[in-house]
Amino acid sequence: MVGAIEQEINRIVNILLRDQKEDGSWDYAFDTGIITDTYTIILLRTLGINDEYLILSLMERILKKQEKDGSWKLFRDQAEGDLSTTIQAYNALLFSEYIGKDDPPLKKAKQFIIKNGGIGESGTFTKILLAVTGQFDWNDLVPVPIEILLLPKTSPLQFYDISVFGRANIAPILILREKKYQLKTKHTPDLSDLYINQNRSVSEEVRGLLASVKDELKKIAESPARLKEKALKAAESYMLKRIEPDGTLLSYFSSTLFMIYALMALGYNKNHPLIRNAINGIWSMAQEVDGTMHMQYTTANVWNTSLISHALQQAGVDAQHPSIIRANQYLLSKQHHLFGDWVLNNPDTMPGGWGFSNINTINPDVDDSTASLRALRTQISHQPVYQPVWTRGTKWVLSMQNKDGGWPAFEKGVDKHWLALAPIQGAEYLLLDPSTADLTGRTLEFLGNYTHLNKNHPSMKQGVKWLIEHQLEDGSWYGRWGICYIYGTWAALTGMAACSVSADNRSIRKAINWLKSIQNEDGGWGESCNSDIERKYVPLGESTLTHTAWAVDALIAVSELPTPEIEKGISYLTLNGGKMDWTEQYPKGQGMAAGFYIHYHSYRYIWPLLALSHYKSKYE
């Protein structure tokens with residue numbers, strides 16, 4: 001097997017070296033399905049931007065993804081089509097004006113929509129965009145008051161209790177809701193035939209939440225009209241202060257889309273420089289995927305580059321290789337020097353993290369920061385001039401630890417779990433940024449393997465304690481940003497191993513037994529996105545390269561000698577590295593359960609390369 005491992009490592013290394021861009025980065029696609037493609041067609045038509053090539057290419061991609069029953073799914077083994085996605089696809093295809101209601105694809109889509117309850121049963125964000133385009137009544141959405149932006153820190157709920165990625169979307173939406181803004185044009189389709197019944201019910205929990213917000217607002221001694229005016233200004237200011245140099249709002253597609261409409265609701269002309277720059281920022285995210293254009297939700301250049309540079313070095317590519325030098329120079333140029341929202345709950349730390357995308361300058365996250373630091377470790381040891389980069393980055397990561405001992409993604413202390421009751425689709429994922437097993441495990445792996453911190457360092461001990469306390473009964477951990485329990489368990493095990501937790505530890509033994517119990521007959525592992533929705537492990541029924549790499553890498557980290565399970569997993573990776581079937585296009589990441597899944601085109605190379613390299617260095 002030694003020869004097969006070496007051969008597969010070399011094959012992957014050669015592909016990665018070939019695919020590197022001139023600036024040192026890797027720009028493999030961040031593929032988020034069709035929802036951003038549908039939004040783009042609608043944006044183009046409503047603003048009167050007739051980019052027919054782009055519209056036709058996006059339309060082709062959307063039609064290629066349609067299921068036989070007329071629906072669109074979020075992932076292959078979803079029990080049935082996704083209603084909200086299908087409504088957005090139906091609407092966008094009509095907006096394109098290249099296809100009509102009587103054409104077979106849309107007739108089948110309509111049948112599915114009607115069968116599943118129509119627009120009234122769709123998700124919050126679908127209804128919001130339909131309201132913006134004049135196809136839904138703003139009064140039928142839960143009336144969250146925009147004055148929430150003015151509530152003080154002493155209030156049980158205030159705007160900054162919401163996660164930064166939640167705030168980026170909610171600020172423009174609150175403006176749109178307050179103004180009841182609608183942009184209806186001659187291109188706007190009539191969707192009245194998709195209304196069956198309107199779901200207007202509001203739960204008692206939501207009523208209570210809204211009532212408490214109103215009670216807090218009564219404590220502010222200003223007239224309602226004055227409060228509303230101040231709140232609109234606050235929302236506008238929030239957006240304008242967080243526009244990235246490329247024109248996007250915190251580098252996210254959805255927040256930028258809603259910001260464009262919100263600015264128009266506030267009186268900005270559609271040709272205003274802020275709006276033109278925002279549109280250009282969105283356009284810059286376009287990438288060809290499988291022969292058609294796809295509008296990425298954001299770019300993944302920093303994430304790809306940090307992971308690939310590290311994996312190449314683990315595979316034996318010298319730190320002084322031109323490819324590694326160029327990659328790490330790129331990463332050095334992307335370290336943040338500006339304060340972002342993270343400083344509100346972490347005021348005594350200087351900037352030093354990294355963001356996910358090449359356009360991100362003020363919204364760093366812990367995972368990208370540790371990934372970049374791993375990649376830079378050997379480079380910095382060769383060039384002491386970069387030591388301050390390492391020091392600032394490591395200090396920033398350590399400073400982001402939550403009081404409970406775990407690590408969040410973007411901000412510490414944003415973990416009021418009752419916010420999951422908020423009347424917003426995916427509230428648990430959109431509004432909260434708590435400690436998670438994947439972030440905590442990955443951070444511990446970095447601290448234990450790549451820094452000189454003592455294994456008894458308080459941060460590491462607290463992180464391990466958090467993981468042990470949050471292990472599930474079956475031995476697994478839930479991973480917030482990947483799919484899903486295999487991902488979380490891999491992160492936790494590699495993190496605990498890096499902190500010198502004994503392989504005989506009860507928590508580690510339970511996790512090993514769980515991973516062994518879910519291994520497939522072919523030696524691989526595979527997990528369904530349904531795990532995310534059902535909140536329990538659901539097997540995919542097939543093995544994937546990425547899930548197999550995570551599982552086998554976790555076992556390698558906690559096994560002194562190769563076990564039969566490890567050997568079978570490594571054999572799967574060496575035999576199947578070149579396969580290009582649906583399992584390699586299946587999402588391995590998520591942004592919001594039951595709403596937003598991610599196919600990373602880089603993962604089929606990164607994680608197998610890392611697992612194979614770790615096997616080789618530990619056992620051979």
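Figure 1. Of the 620 residues of the chain, 62% count as buried; buried means under 20% relative accessible area, exposed over 50%, and partly exposed in between, with a 1.4 Å probe and protein chains only. This is a predicted model: local features need pLDDT of at least 70, side-chain atom pairs count only at pLDDT 80 or more, and totals for chains, interfaces and linings use all residues. Residues are numbered from 1 along each chain as its sequence is written, and side-chain values use heavy atoms, with hydrogens and water left out. The chain holds 24 helices and seven strands. These are DSSP runs numbered from the N terminus: helices are H or I with at least four residues, strands are E with at least two. The radius of gyration is 24 Å, close to the 25 Å from the globule rule for 620 residues, so the chain is as compact as a globular protein of that length. That radius is taken over C-alpha atoms, and the rule is 2.2 Å times the number of residues to the power 0.38.

**Figure 2. Tyr-28 and Tyr-605, a tilted ring pair.** The whole structure has 32 aromatic pairs. Rings of Phe, Tyr and Trp (its six-membered ring) pair if their centres lie within 6.5 Å; planes under 30 degrees apart count as stacked, over 60 as edge-to-face, and the rest as tilted. Here the centres of Tyr-28 and Tyr-605 are 5.8 Å apart and the planes stand at 45°, so the pair is tilted. Tyr-28 lies in the loop between α1 (2-19) and β1 (30-31), and Tyr-605 in helix α24 (residues 603-619), 577 residues apart. Both Tyr-28 and Tyr-605 are buried.

Figure 3. Phe-410 is buried at 10% relative accessibility. Trp-481 is partly exposed at 22%. The charged end of Arg-480 sits over the ring of Trp-481, 3.8 Å from its centre. For such a contact, NZ of Lys or CZ of Arg must be within 6 Å of the ring centre and within 35 degrees of the ring normal.

**Figure 4. Cys-484 and a cis peptide bond.** Cys-484 is found in the loop between α18 and α19. The peptide bond from Ile-483 to Cys-484 is cis, with omega near -10°. Cys-484 is buried, with a relative accessible area of 0%. The structure has zero disulfides; a disulfide is a pair of cysteine sulfur atoms within 2.5 Å. For Cys-484, the nearest cysteine sulfur is that of Cys-529, 8.2 Å away.

Figure 5. Most residues other than glycine have a negative phi, and most peptide bonds are trans. Phi of Lys-180 is near 50°. Lys-180 lies in the loop between α7 (164-179) and α8 (204-218) and is partly exposed, with a relative accessible area of 42%. Phi of Leu-250 is near 55°. Leu-250 is in the loop between α9 (224-240) and α10 (253-265) and is buried, at 3%.
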